[in-house]
Number of protein chains: 2
Amino acid sequence: MTRFAFTIEFDGTPYMGWQRQGHGPSVQQSIEEAIERVTGENVAVHAAGRTDAGVHALGMRAHTDIEKAIEPFRLMEAINAQLRPEPIAILTSEIVANDWHARFSCIGREYVFRIANRRAPLALEAKRAWKVPQPLDADAMHEAAQRLVGLHDFTTFRSAHCQSDSPVKTLDRLDVRREGEHVLIEAAARSFLHHQVRSMVGCLAFVGMGRWSADDLQAALDAKDRAALALNAPPDGLYFVRAIYP
Amino acid sequence: MTRFAFTIEFDGTPYMGWQRQGHGPSVQQSIEEAIERVTGENVAVHAAGRTDAGVHALGMRAHTDIEKAIEPFRLMEAINAQLRPEPIAILTSEIVANDWHARFSCIGREYVFRIANRRAPLALEAKRAWKVPQPLDADAMHEAAQRLVGLHDFTTFRSAHCQSDSPVKTLDRLDVRREGEHVLIEAAARSFLHHQVRSMVGCLAFVGMGRWSADDLQAALDAKDRAALALNAPPDGLYFVRAIYP
């Protein structure tokens, strides 16, 4: 038995999310079935994080155990060939120690959220960004975002379906910057609550529109109450960027 | 009668190209039909350039004449609403002089060609870039590209279907640069021959792979013979960026 680690890019649009579901296609199922077609083995693929329906990945990390003797590069090429034409690509493949775990060994996760700050419909970025027509003040968003950095009870920014033991998390970084018509929000933490990034982005958009001050954002955080949330941003703009390991 | 000018973004993937065709969907037809649904008028929309099937636009310019009294902003919003869910968006709309012509008044056109220089399939950029797995030397491509800048007979880089009176054109700019895993090629000229950008990109890719020297590119140009072409790049990576007017 050999443990393989992969870096995976996917367009989340056609999937119910990373995790295998009874009621629709998932990234996990597509990859597991591609591996089965390559190796004849019925494997489980474990990812660094479970993404929601419509959320994308630039560099998800995952691992699986395979009995068949196969080179990592050949395995990657064969899986990619089997995945075609699905919008999932294995970018890297290597052998790791048998106790390396994509989820439990992961000590950091990074996301980027992409806002298209424009009025016109998105022709080239449909389902790849959140269109916000009101002019956004990215500097004000960045300044307010710093209120969320650090150790906090993020109950306000947590989905009712969150399975985390505790709403207390340390947010390492939340940076907002403008790039032309786009506003990009980068978030880094050891781990995130369910919907945390999208909920933080929704509130930061309120700040960017001038509907909320940084103090309003602070009050929402302090409320520790989901009802204090301004808005949960849609999944289209969210990308899992990378997972960090020791 | 009022003449309106538009800036248009589109994903060229589902279209046979800009121009109305008997045998398939076109960007022109979709926009003309959207305008007809808004105004009740059967109009012709003229663009700065005709793009091929699969070629995209970030900022195509076009004009049309409309009898109905309507504000440019309202017209744009109404056309965009009618275009939904097609991947075409009107970005700007204004009234122009009756002798302003999107094609004939245009004195400059700019394209960018996007190469994804990687081995893995494109999950997020499928149909939005040309995947070239061989490592490309972008500096060598840029240096060789300068041989094509200036006034030349571009017969080698011209499609057999080109309707231009002359193969002699002045290429104002051809810049190649690397951005991470991407190689971007920017081309600017008063006008281009049919397939000229894709043909230049195909030959530059040969240079980037080390299969051609700058002298080989020069020889292909000097041959003034379509048979001397290395390769015509696919349309997926090509974007019409902007049209310039006096």
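Author: With a definition. Buried means under 20% relative accessible area, exposed over 50%, partly exposed in between (1.4 Å probe, protein chains only). Helices (H or I, at least four residues) and strands (E, at least two) are DSSP runs, numbered from the N terminus. This is a predicted model: local features need pLDDT of at least 70, side-chain atom pairs count only at pLDDT 80 or more, and totals for chains, interfaces and linings use all residues. Residues are numbered from 1 along each chain as written, chains are lettered from A and ligands numbered from 1 in written order, and side-chain values use heavy atoms, without hydrogens and water.

Reader: How many residues of strand β10 of chain A are buried?

Author: Five of the seven, in residues 238-244.

Reader: Which way do strands β3 and β10 of chain A run?

Author: Two strands pair if DSSP finds at least two bridges between them. Strand β3(A), residues 56-66, has two bridges to β10(A), and they run parallel. There, His56(A) sits opposite Tyr239(A). Strand β5(A), residues 108-116, has six bridges to β10(A), running antiparallel. Arg109(A) faces Ala243(A) across that pairing.

Reader: Why does the length of helix α4 of chain A agree with its residue count?

Author: Expected span is 1.5 Å times one less than the number of residues. Helix α4(A), residues 196-209, has 14 residues, so it should span 20 Å; its end C-alpha atoms are 20 Å apart. In α4(A), 13 of the 14 residues are buried. Just after α4(A), Gly210(A) has a positive phi of about 85°.
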